[in-house]
Amino acid sequence: MAIEKTLLLIKPDAYRRRLTGLVIDRLEHSGFEMVGAKLVCVSEELARKHYEALKDQPFFENLIKYIRGEFHNVPNNKILALVYKGEDAISGIRKLVGKTNPEEADPETIRGSFGRITTAGQFENVIHASGNREDAEREVRLWFNDDEIIG
Ligand code: DAT
Ligand code: MG
């Protein structure tokens, strides 16, 4: 058991479909604490750094377009970035978020409730959540300055 911080991104499909409130409602009911929240303009550079571990995957270029809102006409590539904190927050939030593939995600999870795969094969899975402690530390540092985390 450890107190952890984890990064969440409300993805452009959720923004476009006005699911932000519903997704935050699920997060709030998890019992974890919101300690960071801001709208970020996702530059090409930030998107590529965030997903750098996936750069050799065939879906990488579309993933960069997706997270920058290019499939959903999001003005200024903006995204809502959040940090949640609590005991075992990384795995706890991942359970709430569900599996990567929205068709495989438990229907009670956020991705299972609201995610879809487009006919072009794009995973629109609503939310990003850090996968493990190493990713969480790197991602929180990448998206937030220390003074933007209010614990
Ligand atoms: P997660 O977001 O569950 O941590 P990941 O880190 O493996 O999953 O991949 C990051 C994102 O890339 C994921 O949310 C959606 C996309 N993705 C992953 N696997 C994919 C696949 N097989 N086809 C299309 N998109 C995929
Ligand atoms: Mg991941």
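A: In this predicted model, a polar atom of the N101 side chain sits 2.8 Å from the backbone nitrogen of E103. N101 itself is in the loop that runs between α5 (89-97) and α6 (110-114). Is N101 buried or exposed? With a relative accessibility of 16%, N101 counts as buried, because the cut-off for buried is under 20%. Setting aside neighbours within four places in sequence, N101 touches I117 and F123.

R94 has a polar side-chain atom 2.8 Å from an oxygen atom of ligand 1, R111 has one at 2.9 Å from an oxygen atom of the ligand, and a side-chain N or O atom of N125 is 2.8 Å from a ligand oxygen. On its own, ligand 1 has 510 Å² of accessible area, and the protein covers 74% of that.

Now over to α7 (residues 133-143). Its N-terminal end is capped by N132, with a side-chain oxygen 3.1 Å from the backbone nitrogen of E134. Within the helix, A136, E139, V140 and W143 are buried. They span an arc of only 100° around the axis, so they end up on the same side of α7. Exposed E134 and R141 are on the face turned away from that buried side. The cover over the buried residues includes α5, along with β1 (3-10), β2 (33-41), α3 (44-50), β3 (78-87) and β6 (127-129).

Definitions and conventions
Residues numbered from 1 in each chain as written. Chains lettered and ligands numbered in written order. Predicted model: local features only at pLDDT ≥ 70, side-chain atom pairs only at ≥ 80, totals over all residues. Heavy atoms only, no water. Helix = DSSP H or I, 4+ residues; strand = E, 2+ residues; numbered from the N terminus. Buried < 20%, exposed > 50% of the residue type's maximum accessible area, 1.4 Å probe, protein only. Polar contact = N/O pair within 3.5 Å; in protein donor to acceptor, adjacent residues only side chain to side chain. Contact = heavy atoms within 4.5 Å. Arc of directions from axis to C-beta. Areas by Shrake-Rupley, 256 points an atom, 1.4 Å probe, with all protein chains shown as cover.
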